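Please look over the sequence and the 3D view before reading on.

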Amino acid sequence: MTAGDGHARARWARRGDIALRVVAAVPLGYATASLWAMAIARLLPGDRAEASVTASLVALALCAIAAIWAFAARSGWRAIWTLAVAAGLAAAIAWISIDATGRV
Amino acid sequence: MSKGFRQSQAFLHTWSGLLLGWILFLVFVAGTIAFWREGLNRWMRPEIARVEQPMRVLAGAQAYLARKAPDAKSWIIPVATKRSPGAQLFWVPQPKPGEERGRGRSRGRRDTQALIGADGQVAQARETRGGEFFYRFHFDLHYMPVIWARWLVGFATMVMLVAIISGIVTHKKIFKDFFTLRRARGQRSWLDGHNATAVLALPFHLMITYTGLVTLMTLLMPWAVVANYTDQKTVFAALFPTAAAIERTGRPAPLIDLRRIATDAQRRLGAPASFIEVSDPGDAAARVSVSQSANSMLSSRTPQLTYDGVTGRLVWRSPPPGAAAETAGAMVGLHAGRFAGNGGRWLYFLCGIAGTLMIASGLVLWTVKRRERLPDPTRPHVGFRVVERLNVAVVGGFPLGIACFFCANRLLPVTLHARADWEVHMLFIAWALAAAIAFVARPARVWPSLFAATGVLLVALPVYDVVATDRGLFAMLAIGDLMIAGIDATMALFGIAFLLLARRVARHRPAARRVRSARTAPAAMLEPAE
């Protein structure tokens with residue numbers, strides 16, 4: 001293996017890492033924010049319309065935070081699995097809550 | 001703050017800013033101009049007199065609709081103000097049996113709308129989209145389905161929010177560097193300019209980006225509603241309540257004078273009215289709803305009153321919105337700035353310009369920074385060339401297109417078929433030509449040419465108004481119409497600024513080589529690298 005090969009391999013590894021982060025930031029980040037929007041909308045007490053609006057306002061900020069985190073995480077894979085765990089948690093909350101009390 | 005975090009954010013800031021920067025530039029330019037949309041609606045219809053008596057316009061609108069559409073499903077009449085060209089009304093015809101009842105669908109149709117002028121008659125004005133074009137283009141773009149455009153603009157806005165946050169991290173010293181502007185120092189100057197325009201209006205940039213997302217929230221983030229509601233209509237009814245609908249009786253009954261209702265509503269609301277909607281006019285079940293003007297309050301969720309259209313009795317009043325709905329409404333209101341008076345509009349306008357310059361300087365900075373590191377500056381790689389030329393095409397070309405749009409408004413024949421569309425086509429034709437030139441000629445030549453052309457057109461417009469019309473700058477100042485005078489004066493100022501910019505760019509010699517090989521003549525730039 002020459003030095004050039006190693007260099008090329010490092011470059012491809014970096015590109016792969018960036019691709020993972022883009023996946024984490026855009027589709028996964030949006031999905032995570034959306035699922036948290038659902039979870040927060042379910043968890044907030046009081047008027048349903050008010051809860052939905054509050055959750056939507058918060059979710060817009062979460063979307064940006066998810067994208068920042070996707071690039072701040074130590075590696076692309078780490079960004080993906082941490083966001084996936086966060087999304088899974090929100091999905092579980094929303095699912096259980098909707099299943100228990102239903103929707104308007 | 002760890003070094004790794006800052007580096008990751010620098011990468012994110014650079015690339016997200018670059019890839020969406022071109023769309024954001026268009027959105028910022030259009031949005032900034034749209035703060036003067038009411039003024040441009042008047043400026044672009046020079047035939048129309050200024051509204052002095054809004055009630056006279058309203059009476060004219062009612063008389064026109066009673067003649068033209070007595071059996072309509074509903075009439076929608078904006079209340080004219082001194083800022084508006086008149087009342088741009090429209091009506092929704094009775095749905096034919098089996099046809100879906102769509103309220104929004106008739107909005108754009110030419111045969112169900114009219115502009116009532118200051119004298120209460122249908123205004124004989126040139127066909128134009130006026131300032132509304134900039135307002136719609138700001139989020140609907142053009143020549144594409146609006147839903148795609150809004151997703152694209154919404155995505156770009158989210159990227160903007162991310163770019164602002166990561167930018168604060170990247171340019172960590174921006175607050176300290178704000179007081180530094182190193183002129184004629186190449187990359188350093190571009191960076192200082194980028195930082196200055198960013199920090200100067202940073203609260204505005206954060207506010208306008210976040211609230212911009214809120215304006216598109218039902219499209220971009222419907223999931224919180226989905227979590228609580230099986231049908232979106234239920235939540236809309238809860239958030240935007242309206243008086244209970246009543247069935248058309250089929251018994252004719254004369255409609256009350258709308259001026260009486262408007263006067264009563266303004267007294268009850270303690271503020272001007274903006275829209276009057278009449279449902280089932282001429283029927284015993286007629287209803288008249290009046291909305292409070294968004295110019296009079298921060299929140300865009302303005303209170304509404306509904307009256308019996310025959311007796312004029314108040315039958316319904318909108319309940320105060322909940323805290324969250326009011327917050328969202330205030331954010332939308334903050335974004336659109338309708339509540340702002342002339343001073344506030346100027347502040348919005350200047351902050352919008354700062355945002356536009358921040359985006360433009362950021363785009364240019366990408367190339368300036370990389371040009372110095374190119375192995376051979378005379379033969380940059382393809383990616384660099386594409387970015388460099390797209391910058392010229394968008395940052396240099398779009399303002400030229402807008403200048404041509406204004407010129408088309410003045411020069412296209414008044415009788416031209418689909419004239420309003422052709423004004424807009426002229427914008428895009430001019431822009432496409434500018435982009436084509438940007439891709440074949442050297443950027444160093446195209447930048448100043450496009451700026452100079454834009455400058456000449458923008459200076460020519462107010463001159464044309466003075467020479468060829470009776471609504472020139474001085475005539476408008478004399479009668480105290482500061483809105484029209486202000487638009488003419490602002491165009492002249494922008495024209496001069498573009499001309500000065502063109503001269504400066506034309507004389508500019510890149511500093512990069514001078515730094516590396518001191519005392520080499522700038523002409524050496526063109527020599528192949530050793």
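This is a predicted model, and the place to begin is where its two chains meet: 29 residues of chain A are in contact with 33 residues of chain B. On the chain A side, the elements that supply two or more residues are helix 1 (3-43), helix 2 (48-72) and helix 3 (76-101) of chain A. Helix 2 of chain A gives the most to this side, with 18 residues. Sorted by class, the side of chain A that touches chain B has 20 nonpolar residues, 4 polar and 5 charged.

The model as a whole scores an ipTM of 0.94 and a pTM of 0.92.

Chain A can now be taken by itself. Its secondary structure comes to 3 helices and 0 strands, and along the sequence the pattern reads α-α-α. The C-alpha trace of chain A spans about 65 × 25 × 15 Å along its principal axes. The radius of gyration of chain A is 18 Å, whereas a compact globule of 104 residues would have one near 13 Å. Buried residues make up 43% of the 104 residues in chain A. Among contacts in chain A with a separation of 6 or more, 76% are between residues 24 or more positions apart.

Chain B contains both kinds of element, with 20 helices and 7 strands. Its C-alpha trace spans about 90 × 60 × 45 Å along the principal axes. How does the radius of gyration of chain B compare with that of a compact globule of 530 residues? Such a globule would come near 24 Å, and chain B has 26 Å, which agrees. Of the 530 residues in chain B, 42% are buried. For contacts in chain B between residues at least 6 apart in sequence, 70% join residues at least 24 apart.

Helix 15 of chain B covers residues 382-411, which is 30 residues. At 1.5 Å a residue, this helix should span 44 Å, and its end C-alpha atoms are 40 Å apart, so the two values agree. Helix 15 of chain B also bends, by about 35° at Gly397(B), and a proline, Pro399(B), follows within four residues.

Gln187(B) lies in helix 7 of chain B, which runs over residues 187-200. Lys369(B) is 182 residues away from Gln187(B) along the chain, yet their C-alpha atoms are separated by 6.1 Å.

Confidence is the last topic. Chain B averages a pLDDT of 90, and 92% of its residues score at least 70. Over residues 102-107 of chain B, however, the pLDDT is below 50, and this stretch has 5 contacts in the model beyond near neighbours in sequence. The pLDDT also stays under 50 over residues 513-530 of chain B, where the model has 11 contacts beyond four places in sequence. Where pLDDT is low, the predicted coordinates should not be read in detail.

Definitions and conventions. Residues are numbered from 1 along each chain as its sequence is written. Chains are lettered from A and ligands numbered from 1 in the order in which they are written. This is a predicted model: local features need pLDDT of at least 70, side-chain atom pairs count only at pLDDT 80 or more; totals for chains, interfaces and linings use all residues. Two residues are in contact if their C-beta atoms, placed from the backbone, lie within 7 Å. Ala, Val, Leu, Ile, Met, Phe, Trp, Tyr, Cys and Pro count as nonpolar, Asp, Glu, Lys and Arg as charged, and the others, Gly among them, as polar. The expected span of a helix is 1.5 Å times one less than its number of residues. The bend at a residue is the angle between axes fitted to the seven residues ending there and the seven starting there. The radius of gyration is taken over C-alpha atoms; the globule rule is 2.2 Å times the number of residues to the power 0.38. A residue is buried if 20 or more other C-beta atoms lie within 10 Å of its own, exposed if 12 or fewer, and partly exposed in between; C-beta atoms are placed from the backbone. pLDDT is the predictor's confidence in each residue, from 0 to 100.
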